Amino acid sequence: MKALHEEAPLTSVVLFTADHGGTVRVGEVYDAGCWRTPLGDVAIDEPLARAILACDGAGGIFAANPRAHAREHSGEVQVPLLQALSPGVKIVPIAVPPTPLAVTIG
């Protein structure tokens with residue numbers, strides 16, 4: 001993250017998060033609102049999230065589902081680091097299933 005930030009200030013970051021609960025079937029996009037952390041809220045880049053969802057077409061690779069992130073901790077450890085490095089950064093978390101579809105999602 002720091003190397004990316006040194007190139008140019010981070011304004012938006014897409015975070016690929018794990019699915020340790022086994023409930024994610026496609027790329028589950030946290031598409032609206034904010035992500036709460038102990039350091040404060042981080043805005044979701046809603047236009048970017050909509051663009052990701054729109055590029056899916058009929059592929060069934062992505063779905064809007066903020067609830068898919070409710071019990072997953074892998075994003076929770078990344079977001080505060082982004083906040084400290086680049087205050088004001090926006091994010092689009094995408095929960096990724098542990099299947100071959102993960103390569104396509106990426």
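Colleague: Is Lys90 buried, exposed or partly exposed?

Modeller: Partly exposed, in this predicted model.

Colleague: Where does Lys90 sit?

Modeller: In strand E6. That strand covers residues 90-95.

Colleague: And what does Lys90 touch?

Modeller: Leaving out residues up to four places away in sequence, Lys90 touches Thr11, Ser12, Val13, Val42, Ala43 and Asp45.

Colleague: How far is Lys90 from Ala68?

Modeller: They are 22 residues apart in sequence. In space the gap is 19 Å, C-alpha to C-alpha.

Colleague: Back to E6. What sheet is it part of?

Modeller: An open sheet of four strands, in the order E1-E6-E2-E5. The pairing is mixed.

Colleague: Which strands stand at the edges?

Modeller: E1 (12-17) and E5 (62-64). Each has a single partner strand, so one side of each is left without a neighbour in the sheet. On average, neighbouring strands here are turned by 30° against each other, direction ignored.

Colleague: How many bridges join E1 to E6?

Modeller: Six, and the two strands run parallel. Val14 stands opposite Val92 in E6. Thr17 stands opposite Ala95 in E6.

Colleague: Which way do the side chains of E1 point?

Modeller: They alternate. Val13, Leu15 and Thr17 point to one face and are buried.

Colleague: What about helices? Which strands does H2 lie across?

Modeller: Helix H2, residues 46-55, lies across E1, E2 (27-29), E5 and E6. It runs at about 135° to E5.

Colleague: And H3, which strands does that one lie across?

Modeller: E1 and E6. Helix H3 spans residues 74-85 and runs at about 155° to E1.

Colleague: New topic. Where is His69 found?

Modeller: In the loop between E5 and H3.

Colleague: Is His69 buried or exposed?

Modeller: Buried. Its relative accessible area is 5%, and buried means under 20%, so His69 qualifies.

Colleague: What is His69 in contact with?

Modeller: Setting aside neighbours within four places in sequence, the contacts are Thr17, Glu28, Val29, Tyr30, Trp35, Pro93, Ile94 and Ala95.

Colleague: Tyr30 and Trp35 are both on that list. How do their rings sit?

Modeller: They form an aromatic pair that is tilted. The distance is 5.3 Å centre to centre, with 50° between the planes. Tyr30 is buried, and so is Trp35. The count for the structure is one aromatic pair.

Colleague: How many salt bridges does the structure hold?

Modeller: One. The side chains of Asp41 and Arg36 meet in it, at 2.9 Å from N to O. Side chains of opposite charge can pair when their charged atoms come close.

Colleague: Last thing. Where is the confidence lowest, and where highest?

Modeller: Lowest in helix H1, residues 2-7, at a mean pLDDT of 65. Highest in E6, at 96. The protein averages 87, and 93% of the residues score at least 70.

Methods. Residues are numbered from 1 along each chain as its sequence is written. This is a predicted model: local features need pLDDT of at least 70, side-chain atom pairs count only at pLDDT 80 or more; totals for chains, interfaces and linings use all residues. Side-chain values use heavy atoms; hydrogens and water are left out. Two strands pair if DSSP finds at least two bridges between them. Axes are lines fitted to C-alpha atoms, for helices over the stretch in contact, and angles run from 0 to 180 degrees between N-to-C directions. Contact means heavy atoms within 4.5 Å. Rings of Phe, Tyr and Trp (its six-membered ring) pair if their centres lie within 6.5 Å; planes under 30 degrees apart count as stacked, over 60 as edge-to-face and the rest as tilted. Buried means under 20% relative accessible area, exposed over 50%, partly exposed in between (1.4 Å probe, protein chains only). pLDDT is the predictor's confidence in each residue, from 0 to 100. A salt bridge is a side-chain nitrogen of Lys or Arg within 4 Å of a carboxyl oxygen of Asp or Glu.
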